[in-house]
Amino acid sequence: MSSDVLVRVERVSKKFCRTLKRSLWYGVKDTAADMLGGRSSDQLRTDEFWAVDNVSLELARGECLGLIGRNGAGKTTLLKMLNGLIKPDTGRIELAGRVGALISLGAGFNPILTGRENIYVNGSVLGLTKKEIDSKFSDIVEFAEVGDFIDTPVQSYSAGMHVRLGFAVATAIKPDVLLLDEVLAVGDVAFRAKCYERLAQIRNSAAFVLVSHDTDQIARVCSKVLVLERGTALYLGDVGEGIRTYQELARQHMSMAPHEHTAGGTVASIVSCDDTIADGGALNVSLSVKINEGVEVADVRVVLWGDDGLAALDSYTRTQGSSFGLQPGCNVLKLVVGPLRLKRGSYAISIAVLDRANNRHLYWGDRIRTVDVDGATAGAVSYTPPLVCTSISSGNDHIPPASLASSTCE
Amino acid sequence: MIEPNTGPRSVKSLVTVYTPESPLRQPRQFVRELISDLWGSRELAWRLFVRDLRAQYRASLLGYVWVFLPPLVASLPFVYLKSAGVISIGDTPIPYAAYAMVGAIIWQTFVDALNSPLRSVNAARAMLTRINFPREAILLSGLMQVGFTFVVRLALVIGVFAAFALKPAATSPLFVIGMISIALTGFMIGLVLTPLGVLYGDVQHSLPIASTFLMLITPVLYPVPSSGLGAMVASLNPLTPLITTTRDWLTAGAAVQHIAFLVVSGVTVTLLILAWVLYRLALPHLVARLGN
């Protein structure tokens, strides 16, 4: 193993079984095979499937791999193999240095014991000696923000406190390889920010593997991405490209069925709606709303959804300081949203008509129409301006101070 | 806290490799890991033991009463049946009530040890499927619990001896060695059954039934029968020399069988090592089958 590669995964596979009875029996057989010095077969038996199929990757110190994929794609299974909790059925895994894993926070916590007692137990489970825990104890308590609750049984902790304490203990080890399984998804925003900061501290000295469904998080932390789908590596490499691959995958499996709801005897229908918009053009929708009682102050809200399932824009008369009234009987609303600067693609339209007095939906049409936008080809959901960068060599080895960079470069 | 490691350092000695091959193919490395993990799990085992003990007694009203009840409940009916003349039991070196009580305490330690490994592994499922730690720790912690319970029960033995104004025999220090051998035998059988027991509930269901049956056919609450079917069963039962020898070391009885005791103990230790190997090899497969 070269000195900088900390994780090497070569053609690793793992099979699981669909039926419990067979699964348990295969467990007995595999154990017996190990006991006799053989190896489990690398062929699928009845009811088996590849949970992880022929995955290879390498990770060096300072790199962070984002592991993304839909539920059941094999992310946790791969992580568990990396952590040595389960054995691969084919291939080989090599890890250099101390391995830390946050597959679940607080797995060793006993609810009846106090936070203090649990810190020592959980710390030992993670491989820390009593001395090491002693020296880190106050840091752990401070980081976890449990304060006076440290001598209270863990069962009366809030979910957030439980998670904070778990993360604080688990990151007290100094790993060379750190495996993180969606643990950063919990906790409030402030605590998550703290977690990022802590991860950034060890960024240069360790290799990370981060499992997450949060693409923003992946984009923020990772230097490369592995997209898993049904156990196989669909994409390995650039973060942006990997996230796009994942979003495309997610979109294919997303339910995009339109829904319409009305309240208080409202009858509403779309009279007309643009189906294409030029770059910089506006979306025109005409909507008829028939109501029994008049509404003094009404609002309308239009949301366009990109093909990754995220809102591309959300435009609302109330936040823009305008409104209109509705008469009893039939009203025709003419909506104009624009000018639009969106990435080229197809967008789903959601429209809501609301009674401001009681925040009631008179009409709510979710993804009722789609519109094709002829916009820019680059960017994520919304239009992204082109970015141009040219490299200028200064001819010497000195890195100019940041604030003077433009004036000292020759 | 996470502290930055100071630059790249030599990690050559710390390379971990996972392959599908059986670890037995590299016997030297396997044995080295076996020993280093056992050694490395002492502190964790102690911590888990203390954790379980604290939690157990903190969430209990009667506390130690639960330690004393099982041997009392097992032996008192026999004392009653004998005194009522329903059953007849041969001569015992000390009054029967004390004899039965000591037997029941010895037996209960065997049963505790028998149940210990499977109970520990089942209780640690969440940890085993999520954290990589020396797997020996939960076994050791279970053994410590068996030992602790026995030490507490010794108070009962002392109480019984005092109540009957008995003096322990000169050989009574050997009693402790006997108890260790009995506990390890129970533990070994329990450990052999553990991989199967983690996968299938049948093992856990059958253990209490099997141990009650075993107690009745083993000379626990009665001395070794001198003739007939009872004598034959007792002579074939490997637990007989362990139980009777251990008890008679304490009570100065005549049923001490040194050779048989040593043979059974030797077999126990050999099988215990094999059971340990089985446990280590089985765990990754068990974790895979247990899921989350």
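## Basis of the model

Residues are numbered from 1 along each chain as its sequence is written, and chains are lettered from A and ligands numbered from 1 in the order in which they are written. Because the model is predicted, local features need pLDDT of at least 70 and side-chain atom pairs count only at pLDDT 80 or more, while totals for chains, interfaces and linings use all residues.

## Chain A

Chain A holds nine helices and 19 strands; helices (H or I, at least four residues) and strands (E, at least two) are DSSP runs, numbered from the N terminus. Of its 410 residues, 39% count as buried. A residue is buried if 20 or more other C-beta atoms lie within 10 Å of its own, exposed if 12 or fewer, and partly exposed in between, with C-beta atoms placed from the backbone. Among the contacts in chain A with a separation of 6 or more, 74% are between residues 24 or more positions apart; two residues are in contact if their C-beta atoms, placed from the backbone, lie within 7 Å.

The domain assignment divides chain A into domain 1 (5–252) and domain 2 (259–374), with bounds that come from an automatic or database domain assignment. The C-alpha centres of these two domains of chain A are 43 Å apart.

## Chain B

Chain B contains 11 helices and one strand. Read from the N terminus, its elements follow the order β-α-α-α-α-α-α-α-α-α-α-α. The C-alpha trace of chain B spans about 80 × 45 × 40 Å along its principal axes. Of the 292 residues in chain B, 41% are buried, and residues 24 or more positions apart make up 77% of its contacts with a separation of 6 or more.

Helix H4 (residues 96–123) of chain B has 28 residues, which at 1.5 Å a residue should span 40 Å; the distance of 38 Å between its end C-alpha atoms agrees with this. The expected span is taken as 1.5 Å times one less than the number of residues. H4(B) bends by about 40 degrees at B:Ser116, and a proline, B:Pro117, follows within four residues. The bend at a residue is the angle between axes fitted to the seven residues ending there and the seven starting there. Because 23 of the 28 residues of H4(B) are buried, this helix is largely enclosed by the rest of the structure.

## A sheet across both chains

Four strands, in the order E2(A)-E1(A)-E4(A)-E1(B), form an open sheet with antiparallel pairing. Its edge strands, each pairing on one side only, are strand E2 (48–60) of chain A and strand E1 (15–18) of chain B. On average, neighbouring strands of this sheet are turned by 20 degrees against each other, direction ignored; the axes are lines fitted to C-alpha atoms, for helices over the stretch in contact, and angles run from 0 to 180 degrees between N-to-C directions.

Within this sheet, strand E1 (residues 5–17) and strand E4 (residues 90–96) of chain A pair in the antiparallel sense over five bridges. Two strands pair if DSSP finds at least two bridges between them. A:Arg8 has A:Glu94 of E4(A) as its bridge partner.

## The contact between the chains

The contact involves 62 residues from chain A and 47 residues from chain B. On the side of chain A that touches chain B, at least two residues each come from helix H1 (20–35), E4, strand E5 (99–102), helix H3 (115–125), helix H4 (130–144) and helix H6 (189–202) of chain A. H1(A) gives the largest share of that side, eight residues.

## Pairings of strand E14 in chain A

Strand E14 (residues 295–305) of chain A runs antiparallel to strand E18 (residues 345–355) of chain A, with eight bridges between them. There, A:Val302 has A:Ile351 as its bridge partner. Five bridges join E14(A) to the antiparallel strand E15 (residues 311–316) of chain A, where A:Val302 stands opposite A:Ser315. Two bridges link E14(A) with strand E16 (residues 324–326) of chain A, also in the antiparallel sense; in that pairing A:Ala298 stands opposite A:Phe324.

## Residues with positive phi

Most residues other than glycine have a negative phi. A:Arg367 is not a glycine, yet its phi is positive, about 55 degrees. A:Arg367 is found in strand E19 (residues 360–374) of chain A and counts as partly exposed because it has 18 C-beta neighbours inside 10 Å.

B:Ala165 likewise has a positive phi, of about 50 degrees, without being a glycine. B:Ala165 lies in the loop between helix H6 (136–163) and helix H7 (173–199) of chain B. With 7 C-beta neighbours inside 10 Å, B:Ala165 counts as exposed.
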